[in-house]
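Please look at the structure on the screen while I describe its main features.

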Amino acid sequence: MKNRIKVERAELNITQQQLAQKIGVSRQTINAMELGKYVPSTMLALRLSEVFGKSVNEIFSLEEDEK
């Protein structure tokens with residue numbers, strides 16, 4: 001799964017730690033998501049959506065082989 005977390009975070013000018021605090025996870029979780037090593041739960045995806053003011057589909061997308 002591809003994501004735009006790093007891009008969206010940069011647009012808000014916040015650190016991984018600050019984003020982690022906003023959604024209630026560790027900085028390491030944010031890092032793992034940005035690197036594509038961790039797929040967030042629906043609840044976590046919705047929290048990110050609220051922080052970024054974007055739909056979940058604007059933040060996450062399936063890779064071609066996942067469709």
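**Contacts and overall fold**

In the protein chain, 52% of the contacts with a separation of 6 or more are between residues 24 or more positions apart; contact here means heavy atoms within 4.5 Å.

The model is a predicted one, in which local features need pLDDT of at least 70, side-chain atom pairs count only at pLDDT 80 or more, and totals for chains, interfaces and linings use all residues. Residues are numbered from 1 along each chain as its sequence is written, and side-chain values use heavy atoms, with hydrogens and water left out.

The protein chain contains five helices and two strands, where helices (H or I, at least four residues) and strands (E, at least two) are DSSP runs numbered from the N terminus. Read from the N terminus, their order is β-α-α-α-α-α-β.

What are the dimensions of the C-alpha trace along its principal axes? The trace spans about 35 × 20 × 20 Å.

Turning to burial, 30% of the 67 residues in the protein chain are buried. Buried means under 20% relative accessible area, exposed over 50%, and partly exposed in between, with a 1.4 Å probe and protein chains only.

Is Asp65 buried or exposed? Asp65 counts as exposed because its relative accessibility is 70%. The C-alpha atom of Asp65 is separated by 23 Å from that of Val7, and the two residues are 58 residues apart along the chain.
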